[in-house]
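Dear colleague,

I am handing over the structure we spoke about, and I would be grateful if you could look through it with the notes below at hand.

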Amino acid sequence: MSMEELARAQRPEGRLEERLLPLVGQGDPEAFEVLYRSTEKAVYALALSILRNPHDAEDIVQETYLKVRAAAHLYVPQGKPLAWLFTITKNLCRDLLRGQSRTEAAPDGAEDDLRFSYVSDPTDRLVLEAALKALGEEERQVVLLHAASGLKHREIARDLGLPLSTVLSRYSRALKKLQRYLTEEGVHL
């Protein structure tokens with residue numbers, strides 16, 4: 001199967017990624033590129049939801065794919081390749097957070113100056129910044145995976161290993177919190 005055929009394959013149930021990982025494990029650079037392009041936004045959204053810092057999230061994305069490239073030959077097909085990438089991403093995020101000093105605080109206003117490389121629309125950026133400030137980690141994960149990477153709720157549930165009802169309730173609760181937060185800040189979308 002050619003790379004073009006793989007790229008056109010349907011995304012549901014992780015079929016594309018499932019086909020790509022063995023090729024990546026064999027050192028195929030085209031398969032790695034297709035895997036990266038099809039999953040990078042979801043991996044970035046997850047890292048951002050945990051770290052709350054776009055620069056650190058970008059670094060984690062790069063580290064994730066370095067680990068994927070090095071360990072793809074060890075991947076055991078289970079129908080959840082994005083979940084495997086998410087596990088790597090979560091572990092790298094936790095390692096980074098453990099290594100950072102807990103007393104370190106960002107300078108005032110620094111969060112407002114951060115640039116979100118995946119977000120060009122000013123309204124989307126405002127909502128993203130609000131999500132990072134107003135939501136808890138679990139709610140951020142669901143919102144960012146849905147909004148920033150375009151994953152469907154059932155895909156998020158599958159890839160995070162959660163019941164669909166949990167993902168839906170977190171998403172609903174998060175949207176209400178965001179609306180409340182933005183209203184309090186005087187922002188009308």
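Predicted model: local features only at pLDDT ≥ 70, side-chain atom pairs only at ≥ 80, totals over all residues.

Residues are numbered from 1 along each chain as its sequence is written, and side-chain values use heavy atoms, with hydrogens and water left out.

Helix H8 (residues 137-147) packs against helix H10 (residues 164-184) at an angle of about 95 degrees, and their axes are 9 Å apart; helices here are DSSP runs of H or I, at least four residues, numbered from the N terminus. H8 is therefore roughly perpendicular to H10 (a term for angles of 65 to 115 degrees). In this contact (heavy atoms within 4.5 Å), Glu 138, Glu 139, Val 142, Val 143 and His 146 of H8 meet residues of H10 including Arg 170, Arg 173 and Lys 177.

Helix H9 (residues 153-160) also packs with H10, at an angle of about 115 degrees and with the axes 8 Å apart. Here His 153, Arg 154, Ile 156 and Ala 157 in H9 meet Leu 164, Val 167, Leu 168 and Tyr 171 in H10.

Elsewhere, Arg 52 sits in the loop between helix H3 (29-51) and helix H4 (54-71), and has a positive phi of about 60 degrees although it is not a glycine. Arg 52 is partly exposed, with a relative accessible area of 32% (partly exposed lies between buried, under 20%, and exposed, over 50%, with a 1.4 Å probe and protein chains only).

Definitions and conventions:
Axes fitted to C-alpha atoms, helices over the stretch in contact; angles between N-to-C directions. Helix = DSSP H or I, 4+ residues; strand = E, 2+ residues; numbered from the N terminus. Parallel < 35°, antiparallel > 145°, perpendicular 65-115°, else oblique.
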